[in-house]
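My entries follow in the order in which I checked things.

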Amino acid sequence: MEIPFAITLDVGTSRANHTGSWRVERPVYVDRMPPCNNACPAGENIQGWLYEAESGNYEGAWRKLVEENPIPAIMGRVCFHPCETACNRVQVDEAVGINAVERFLGDLAIEKGWVLPDAGPDTGKRILVVGAGPAGLSATYHLRRLGHHVRLVDSAQRLGGMMRYGIPAYRLPRDVLDAEIARIVAMGVDVELGHVVHDIEQERSEGGFDAVFLAVGAQLGKRVNIPAGDSSRVIDAVSFLHQVADEDPPLLGRRVVIYGGGDTAFDAARTARRLGATDAVVVYRRNRERMGASGEELEQALGEGVTVRWLSTVNKFEGDRMVLEMMRLNDEGFPEPTGEFEELDADSLVLALGQDTDLALLDQASDVKVEDGVVEVMESMMAGASGIFAGGDAVPADRTATVAVGHGKKAAHGIDDFVMGRTPVPKERHELATFDRLNTWYYADAPRTKRPELEKIRRQTNFEEVIGGLNEDNALFEARRCLSCGNCFECDNCFGVCPDNAVIKLGPSQRYQFDYDFCKGCGICVKECPCGAIEMVPERI
Amino acid sequence: MLRQIEGSRAVAETVALCRPEVVCAYPISPQTHIIEAVGVMVKAGELAPCEFINVESEFAAMSVAIGASATGARAYTATSSQGLLFMMEAVHNAAGLGLPIVMTLANRAIGAPINIWNDHSDAMAVRDAGWIQLFAESNQEAADLHVQAFRLAEELSVPVMVCMDGFILTHAVEGVDILDQSFVDSFLPPYEPRQVLDTNDPVSIGAMVGPEAFEEVKYLAHLRQLDALVRIPAIAKEFADATGRDSGGLVRSYRTEDADILIVALGSVLGTIKDAVDIRREAGERVGVVGITSFRPFPAEAVREALCQARQVVVVEKAFSIGFGGVLSTDVAMAMQGVETNLRTVVAGLGGRSITRRSLEELIETAGRDELETLTFLDLDHGAVERERARMGETRRSGPSAENLLRDRGTAATAPVKEQA
Amino acid sequence: MVTAAEILSVAAFDEGRRAQAFPSFGSERTGAPVVSFCRIDDREIRTREPVMEPDAVIIQDVTLIHQVDLFSGLSKDGYVLVNTSRAFDELGFGDFFDKFRPERLMTCPATEFALEHVGRPLPNAALLGGFAALTGQITMEAIDKAVRERFAGLVGERNVAAAAAAFSYVTSKEEELTRASTN
Amino acid sequence: MTTQPVHFYQIGSFAVGNRLLSDGERTVQSNLDRTNSIDSGHRACQGCGEALGARYALDAAMRATNGQIVAVNATGCLEVFSTPYPETSWRIPWLHSLFGNAPAVATGVAAALRVKGKKDVRVVAQAGDGGTVDIGFGCLSGMFERNDDVLFICYDNEGYMNTGVQRSAATPPAARTATTEVVGPEPGNIFGQGKDLPRIAIAHDIPYVATATVADLHDLERKVERAMEIHGARYLHVLVPCPLGWGSASNETIHVARLAKESGLFPVFEAEGGTVTSVSKIRRQVPVEDYLSIQRRYAHLFGKHPRPDVVARIQAMADRNIARYGLVDEEADSKEMAE
């Protein structure tokens, strides 16, 4: 229509007015490091695979997961999940059950027979991996993906290292362990079991290996000098659990005392209960707050009838009499003897005081530095400059399977750089997505899905798995509790809340972009972004 | 068909013939009979399709008309006096938006003092609003003007106000030839808006216009009114050719040939003036009348042409600008620029005071003697005014003048005047 | 009264004459009666002034006759019709009407006729019937038609009956007066 | 083991969109093809709640009517910032007449549409709080009373912001405006005045009355959609914070609106046929301080010379709303108290 001058206007003409010039700050989309990812020793992209799981794309989630960690079904059981401790959702209600979802995905993968990605194109490089525990298996997996030939050797008769010989079956069923290991081996790995490496340099040169990864673990249980009669039965926890794993359990009697406060102590106590001990008493010289074991582990142990004597040390063990000395914590929190004693009837004592590493194979490797019984390594996990890499319990770090998996991955990349003659490029680390960056209003209120627990009575008598898994419904639910901290999950908030229509939606999984022609820089998008994936930066004038 | 009919009824029936689609009604004397009659026709289904909306104020009435007109409907309303002032903001707005609304203004005085009777103060108050203002001399013309008004309004996208004297015309029963539907339909094509709210072709109507274009917008509105100076006589002629009736147009002269004195006026008083002129002509006085039908746009050229031969021009007007004098006179004076003439203003008939033929005859006689003052108030009770001024001089709390004057004339006790509306 | 003026104008219009009816809208006194005007002419009626010099005055409410100056413009040849059951000289005008023509001064109990025929005290039609009889300016037939135009059906019928009764009444009184004067 | 329903989505229905929801369950605003009834390039202040509210409401109305909307706008910020010659931001047929007549103009539009037989085209009239509760009130009441087929939306920013932040009958007690300055014994707007238009609207017995805020898009859109299902006079009162007039940060617009609701100061509810039929419960109740203290118009209640007495009076207003509309779930309330 022929419209009257000035009083009537054609629609949409205001787009000629570029209000972007009003802006003094501009919003930009960012990807921040989610605290779960940040806390994961295995370097998993947890937020990433949860994102896939949220839509029910479990295979996609699993594939994203195994990018970093090839053994999620195992990790989903044994990981002490620092991710959940770090999870921002703790401050809303409870942490997302990452570990449970991981296990669900791992189990589903086994059930569905999903296979790991193919090995990379052959590089012609040969790598020796010593030790088939979590670090060695992880390194093997990543090295194979990078196209390197891997020879995996272990002194034991079966693969798995401490996962098999240190972790009781009720926590990690052997079929799960076997399935995930088999999947790695199926990538094409040269495995030799029952093989003890005495001299690494010799082994390396004889085998013509371009690099070596030492993942020998810490298999030697620490002993302390406790006056004990000949008749008294004393065993270290590592040996105890190893023998149980080899289905040759030692006879400990009905009253078992376990000395120590770490997870191993409780594993031993719970195993003892399952082997028929009526009393499984953990003796620990500090209090509950300072205990090394996870609270979850303690709760489960207590639930199974394990008892704990806090602030106590084993002073003497003779016959079936054990003397405990009472301790108190000094101002620095260290335990001091009180001079007060108590007696306890015991048939055996299990020492769970930590493990040492057997590094005899390094005796000839002159440029590898060993200190305090562990191998010193660089950022790339290389010990010295010789192409010898180390990880897992053999290097200074927390001795957990998850840390070991992380080491394995890191070492694999270090080895890759080394054998391919590349200078390692430090990875850019994103700023942490802290809780204050989030707008939690937008997340639905939801408590965490409890993992079903077996009847207490059942777990006292057998090695059936204590903690059940999630089913498809509650795994989805749990995945959807993820806040996606610091990473856009396409909630359309920025697109919707912009008073100036200055956000362009690019379509599914394409995210958004700002239309700076019109963005006035009000910052509502930043404030209303649930996950903190937008930030304001000053406009350069 | 010629019928003996009340003026309001004649207008209502004629408006109905124009097929208005939205009619908004708010009661105010003396306009009420018109809108009531239209309402009955709508409710009875005689006027259809048409939405008859009983609004809560004149402001709303004009606003509803604005909305309807902008949506492409032919919109009509009617009002008077205070009602016009109450809708004033919307009156300006309708014109500013170029919406061809037609409104009947049953002219009535503006209070205080409250007064329901006829004068032209209301029309004068909105003369600058941008509406075309046509004044009817008789009920026949009032009726005819409505048909022409819709035609004019819609041709030019300018609202038109048909002014008819309240009570004097609206309540007078006299013979009016009501047009027939087929003629009106042929004379007045369906409303084709210049701009319309259409979901298929959206526009924004009513933008804020700043200094950079406001003057141009207003000048364009002015040009449209100048266009109307051409269209008004053309439409009137077309109407006359078809009906044989001389209704509308810009100005109409009566016995102006060889006139020394020309009386200028608006509306129904022209009839009484004509009678007085006839009598004075018989007495040998060379006097004539020029009636202005189109007050806005003001036909300056036509007025000058009609008046330029007269020795004396007497503007008789039912309104005045307090503190100055005539309103119409000012326009006439502007029109007469460059022509030597004696211009006299006679304010008459305020608040319904009767303008009698006798007073007009006397006025003509006085003018003939060149004794008419520049500004005269016809039949003003100078004594009452002087006495009130004396009272005001004597005491600070002299009370309200309106009541004092009524008491002075012995027409009021202490009770207030009761409105007849 | 407004209705009466309108009906009268319609009756005149029906007889082919020009007519103009309008209510009072001048600044009457407080508590003033409603005054309505009707002009009848054979030429175009242009004037808009109130009727200043009536040829006839119809008074519907007899109580007003001493309160309002109703007869100032009435010529000596004018007609007066008053709605009352009393006789004209009983109305207490004194010598005011001495110089008027007595046969043009008439009373008529129009309200009574209305009550009788219409059932309500609405004397308009009856007064018009009386007016037609008194002045001869309008025919009873025209009044009949105009009343029926105004009031449809039975109401019109009854009003016409009231008008006719008043017409007969006034006619007979006129005849009486004529007889009296001839006597 | 407790079973959880699967119908749980990371962001539930609080965010604009949600990749896990079906198209029908997402907001209009999350759609790529939303109308953008008010387009980019308008001259509203940074973080304008009214610009946002208008787009939310009209886009929803456009979806509900399949694009058959005509809008009437009262004078005010929205009008001024959207249509300064030579540019308009509207993408729908739009008419501005005057400050106080939008309801009546809308009546006229509706009447014209009816007479033209355009049954599918619907009318939305919109005004700020001044154009609604003050100068437009007469026309609005008339439109309500006649039950004209118009959805009237009041974008309430609690004052005359267009003219420089003066008090309206929607300005809350204690708030500073240019005509309720922070001087004298009762600084800011005085207590005991003001109009509660939604309740006045309900008293007209019109078919639909609802309140909403720009902080809950799903709720707002649902209400617009509901309103468009109904014919007759409908009223939607949307709280739209004004960074300029309220002295809130431009990025706080939605947040502050949320706090208005969560504190109970702005009850969110809907009424049909004169009866309140649903209430948006408070989800995370906050004391009124949380809402007041982030707005400079209430700065005189805090800081060096705090006025806890005045804050307590405002809290009492919130409490009265909570009681009147049952804004707090009693079950949740008692649980909280037990804790």
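I began with chain B, which is divided into domain 1 (2-243) and domain 2 (251-377). These bounds come from an automatic or database domain assignment.

Before going on, I noted that this is a predicted model, in which local features need pLDDT of at least 70, side-chain atom pairs count only at pLDDT 80 or more, and totals for chains, interfaces and linings use all residues. Residues are numbered from 1 along each chain as its sequence is written, and chains are lettered from A and ligands numbered from 1 in the order in which they are written.

**Confidence in chain B**

I looked up pLDDT, the predictor's confidence in each residue, from 0 to 100. Chain B averages 95, and 97% of its residues score at least 70. In residues 414-421 of chain B, pLDDT stays under 50. For that stretch the model has nine contacts beyond four places in sequence. I count two residues as in contact if their C-beta atoms, placed from the backbone, lie within 7 Å.

**Between the domains of chain B**

The C-alpha centres of domain 1 and domain 2 of chain B lie 27 Å apart. I find 27 residues of domain 1 in contact with 21 residues of domain 2. On the domain 1 side, α6 (121-125), β6 (132-135), β7 (160-165) and α9 (214-243) of chain B each supply at least two residues. Helices (H or I, at least four residues) and strands (E, at least two) are DSSP runs, numbered from the N terminus. α9(B) gives the most to this side, with five residues. The side divides into 15 nonpolar, eight polar and four charged residues. Here Ala, Val, Leu, Ile, Met, Phe, Trp, Tyr, Cys and Pro count as nonpolar, Asp, Glu, Lys and Arg as charged, and the others, Gly among them, as polar.

**Chain D against chain B**

Next I checked chain D, where 37 residues are in contact with 38 residues of chain B. Which element gives the most to the chain D side? It is α3(D), with eleven residues. That side holds 22 nonpolar, twelve polar and three charged residues.

Strand β9 (residues 203-205) of chain B runs parallel to β2(D), joined by two bridges. Strands pair if DSSP finds at least two bridges between them. B:Ile205 has D:Leu95 as its bridge partner in β2(D).

**Chain A against chain D**

Of the four pairs of chains in contact, A and D share the most contacts. The contact takes 50 residues from chain A and 47 from chain D. On the chain A side, α16 (472-479), α17 (493-497) and α18 (524-528) each give two or more residues. I count 25 nonpolar, 13 polar and twelve charged residues on that side.

Two other pairs gave me no contact. Chains A and C have their closest C-alpha atoms 43 Å apart. For chains C and D the figure is 33 Å.

**A sheet in chain A**

Last, I traced an open sheet of six strands in chain A, in the order β5-β4-β3-β6-β20-β19, with mixed pairing. Its edge strands are β5 (190-193) and β19 (382-383), each pairing on one side only. Four bridges join β4 (residues 149-154) of chain A to β5(A), and the two run parallel. A:Leu152 has A:Val191 as its bridge partner in β5(A).
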